[in-house]
Amino acid sequence: MEIDRYERYWIWAATGMLALFLGAIVLTAVSGGAHPPSHVETINPETLTVGGEFASPGVVTAPDGSLTVVVRAEFYVFRPDVVRLPAGRPVRFRVTSPDVLHGFQIVGTNVNLTVAPGYVSEATTTFTEPGEYLVVCNEYCGLGHHNMYSTIVVEAAP
Ligand code: CUA
């Protein structure tokens, strides 16, 4: 089959661009630790405050020393609204909502969760730099959406 010279150039150019873009996705996924959300865990959103871990959200230290932050994202606050964590240790976040869809994005990190009622969203990260981190809701959830934020204070390890 005869393919015109310019058409052949364009086929190679398009194939090259596909390879370049795919390579960029793989590179940033590996270097930035990005991965698709896959933690499928369901929960009854109507009984969150009645009992269980989400009734008393906060930092939980397991017997083996690992840290979990349990967060309730609800009309227009994150509970707890200030979290204190040590730097340099892996921290697991578990977030859910009793009302509508919210977001849980820790600015400057790779944590960016969609928080849907009925599901527990989970992400693990390690804060290498001490400082204050802003957490924002990045899913439009209602009139107070723009006021929905919280703070994570990361302290230097002793
Ligand atoms: Cu919660 Cu926007």
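This note walks through the strands, cysteines and aromatic rings of the model.

1. Ground rules. This is a predicted model, in which local features need pLDDT of at least 70, side-chain atom pairs count only at pLDDT 80 or more, and totals for chains, interfaces and linings use all residues. Residues are numbered from 1 along each chain as its sequence is written, and side-chain values use heavy atoms, with hydrogens and water left out.

2. Look for an open sheet with strand order 4-10-9-6-7 and mixed pairing. Strands here are DSSP runs (E, at least two residues), numbered from the N terminus. Two of them pair if DSSP finds at least two bridges between them. Strand 4 (82–86) and strand 7 (112–115) are the edges, and each pairs on one side only. On average, neighbouring strands of this sheet are turned by 20° against each other, direction ignored. Those axes are lines fitted to C-alpha atoms; angles run from 0 to 180 degrees between N-to-C directions.

3. Strands 6 and 7. Strand 6 covers residues 102–106 and runs antiparallel to strand 7, with four bridges joining them. Find Gln105: Asn112 in strand 7 stands opposite.

4. Strand 5 and its partners. Strand 5 spans residues 90–96. Strand 2 (residues 67–74) pairs with strand 5 in the parallel sense, over six bridges. There, Leu67 has Val91 as its bridge partner. Strand 8 (residues 121–126) runs antiparallel to strand 5, also over six bridges. Strand 5 is mostly covered, with five of its seven residues buried. Buried means under 20% relative accessible area, exposed over 50%, and partly exposed in between (1.4 Å probe, protein chains only).

5. Cysteines. Cys137 counts as buried because its relative accessibility is 6%. Cys141 is buried too, at 9%.

6. Aromatic rings. There are six aromatic pairs. One of them joins Phe75 and Tyr76; this pair is tilted, at 5.2 Å centre to centre and 50° between the planes. Rings of Phe, Tyr and Trp (its six-membered ring) pair if their centres lie within 6.5 Å; planes under 30 degrees apart count as stacked, over 60 as edge-to-face and the rest as tilted. Phe75 is partly exposed, at 43%. Tyr76 is partly exposed as well, at 28%. Phe78, Phe93, Phe104, Phe127 and Tyr133 form one aromatic cluster.

7. A charge over a ring. Arg5 lies over the face of Tyr6, 5.3 Å from the ring centre. The test asks for NZ of Lys or CZ of Arg within 6 Å of the ring centre and within 35 degrees of the ring normal.
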